[in-house]
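Please view the sequence and structure below first.

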Amino acid sequence: MSSEYTPPSFKEVGFHCPHCGVYAHQNWFDVALEGGPDDSGETLSLGTCEKCGRFSLWIDGEMIYPPSADLPLPRVEMPEGVREVYLEARRTLDASPRAASALLRLAIRGLISHLGETDDVAENLEYLNRRGLDEKIQIALRRLRMVGEEAVEPGMIDSGDGEETARALFEILNLIVDALLVQPRRVDEMLGKLPDRE
Ligand SMILES: [Zn+2]
């Protein structure tokens, strides 16, 4: 399976579904608006995902539902349990950035303990640092209050979280997956193709 991301696109036969995050065939329906008193001349279309059965709503070729469709989808390499929480946060952002942030901190803790060796986020980060996790990602995790004196307990609602924080939390999750799961795999694949010169 390709890990390329195909964003939702109007009347496309397949793309990565904004609900389930899977590349899936889409069925399209136009909803007739003509005739009635509110005939606005707009075309309303529905796309339905063959994988999860949920729909996207489009007006004149622009997706208006689901509302958080501009958020990145989880990397395919993201562990399953983390991915579920990520997608739940993605559906939640529009209604409540604080709730989405609480979910995302849970997802980040889950990812870090999946990659690390203990239950403690800070200890795992030290370990991941030795495995080559970028220092800047760790600085970002501190600013996003995953660790440090002002850390927020994952899963807890915090009044200081706004949409900017939530969007950054989505991004950092994907960045950690890239750094520790995707890139090492790609380097291994490349090495496998090169002649051995010990
Ligand atoms: Zn779907």
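**Packing of two helices**

Helix 4 and helix 5 are roughly antiparallel to each other, a description used for angles over 145 degrees. The model is a predicted one, in which local features need pLDDT of at least 70, side-chain atom pairs count only at pLDDT 80 or more, and totals for chains, interfaces and linings use all residues. Residues are numbered from 1 along each chain as its sequence is written.

The axes of helix 4 (residues 135-143) and helix 5 (residues 163-193) cross at roughly 155 degrees and come within 11 Å. Axes are lines fitted to C-alpha atoms, for helices over the stretch in contact, and angles run from 0 to 180 degrees between N-to-C directions.

**The contact**

Helix 4 contributes Ile 137, Ala 140 and Leu 141 to the contact, and helix 5 contributes Ile 172, Leu 175, Ile 176 and Ala 179; residues are in contact if their C-beta atoms, placed from the backbone, lie within 7 Å. These residues divide into seven nonpolar, no polar and no charged.

**Overall architecture**

The protein contains five helices and five strands, which are DSSP runs (H or I, at least four residues, for helices; E, at least two, for strands) numbered from the N terminus. Their pattern along the sequence is β-β-β-β-β-α-α-α-α-α.

The C-alpha trace spans about 70 × 50 × 25 Å along its principal axes. Of the 198 residues, 26% count as buried, with 20 or more other C-beta atoms within 10 Å of their own.

Methods:
Buried ≥ 20, exposed ≤ 12 C-beta atoms within 10 Å, placed from the backbone. Parallel < 35°, antiparallel > 145°, perpendicular 65-115°, else oblique. Contact = placed C-beta atoms within 7 Å. Nonpolar A, V, L, I, M, F, W, Y, C, P; charged D, E, K, R; others polar.
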